[in-house]
Amino acid sequence: MGISAHINIKNKRASFEYHLLDRYTAGIRLLGTEIKSIREGKANINDSFCNFFEDGLYIRNMHIAEYSFGSFYNHEAKRDRQLLLTKRELKKLREKGEEKGFTIVPLRIFISERGFAKVEIALAQGKKDFDKRDTIKERESKRELDRVMKR
């Protein structure tokens, strides 16, 4: 595949802000210049989230930079993009997502072996402040342990 096989754009804040419950891999309905821009690694999903509309699940606030060689056919940088999942997965996500305290967040964008852009999404529940402090403590203790083991 070349360079495009190594694209792995992550949302690092998602695991800090949320308890990740179920993970799914979904395809994304993209335009031609969008996939070219993703293959160059020019996408950002840090502030993005997923919502249901009448015809399916959409990812919102996902920023894909305009393709540098695109002409007037270039895409809009922040538009809603439809996620492609099976009906069973959509039904399960819709039921869980409507419950209070649950949301659907994108975790990473990657290029599959066949060359398609995929997004890994997760059903998530928001963390409280004390949970976030516990996460920081665990991370720092793990770093200390790694430093000691390295010596």
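How many residues does the hairpin use to join strand 4 to strand 5? The hairpin gets from strand 4 to strand 5 through 2 residues; helices (H or I, at least four residues) and strands (E, at least two) are DSSP runs here, numbered from the N terminus. The model is a predicted one, so local features need pLDDT of at least 70 and side-chain atom pairs count only at pLDDT 80 or more, while totals for chains, interfaces and linings use all residues. Residues are numbered from 1 along each chain as its sequence is written, and side-chain values use heavy atoms, with hydrogens and water left out.

As for the overall layout, the chain has 4 helices and 9 strands, which run β-α-β-α-β-β-β-β-β-α-β-β-α from the N terminus on. Its C-alpha atoms fill a box of roughly 55 × 40 × 25 Å along the principal axes. Of the 151 residues, 36% are buried, where buried means under 20% relative accessible area, exposed over 50% and partly exposed in between (1.4 Å probe, protein chains only).

Strands of a sheet pair through backbone hydrogen bonds, either parallel or antiparallel. In this chain, 7 strands make an open sheet in the order 1-8-9-2-7-5-4, with antiparallel pairing; two strands pair if DSSP finds at least two bridges between them. Strand 1 (8–10) and strand 4 (49–53) sit at the edges with a single partner strand each, so one side of each has no neighbour in the sheet. Neighbouring strands are turned by 40 degrees against each other on average, direction ignored. For such angles, axes are lines fitted to C-alpha atoms, for helices over the stretch in contact, and the angles run from 0 to 180 degrees between N-to-C directions. Strand 4 and strand 5 (residues 56–60) pair in the antiparallel sense over 5 bridges, and F53 has G56 of strand 5 as its bridge partner. Helix 2 (residues 32–39) packs on the sheet, where it touches strand 7 (81–84), strand 8 (102–111) and strand 9 (117–126), and its direction makes about 75 degrees with that of strand 8.

The largest nonpolar core has 26 residues, and I38, L57, L83 and I121 touch the most other members. A nonpolar core is a set of buried Ala, Val, Leu, Ile, Met, Phe, Trp, Tyr and Cys residues joined through side-chain atoms within 4.5 Å. Two or more residues of this core come from each of strand 2, helix 2, strand 5, helix 3 (87–97), strand 8 and strand 9. Leaving out residues up to four places away in sequence, L83 touches A26, G27, I28, C50, L57, Y58, I59, V119 and I121. Another core, of 5 residues, lies apart from it, with A14, V105, L107 and A124 among them.

C50 belongs to strand 4 and, at 5% relative accessibility, counts as buried. With residues up to four places away in sequence not counted, C50 touches L57, Y58, I59, L83, I104, P106 and I121. C50 and R81 are 31 residues apart in sequence but 9.5 Å apart in space, C-alpha to C-alpha. N61 is placed in the loop between strand 5 and strand 6 (63–64). N61 is not a glycine, yet has a positive phi of about 65 degrees, and is partly exposed at a relative accessible area of 35%.

R39, in helix 2, is partly exposed at 32% relative accessibility. The C-alpha atoms of R39 and K137 are separated by 36 Å, with the two residues 98 apart along the chain.

Note on methods
Contact = heavy atoms within 4.5 Å.
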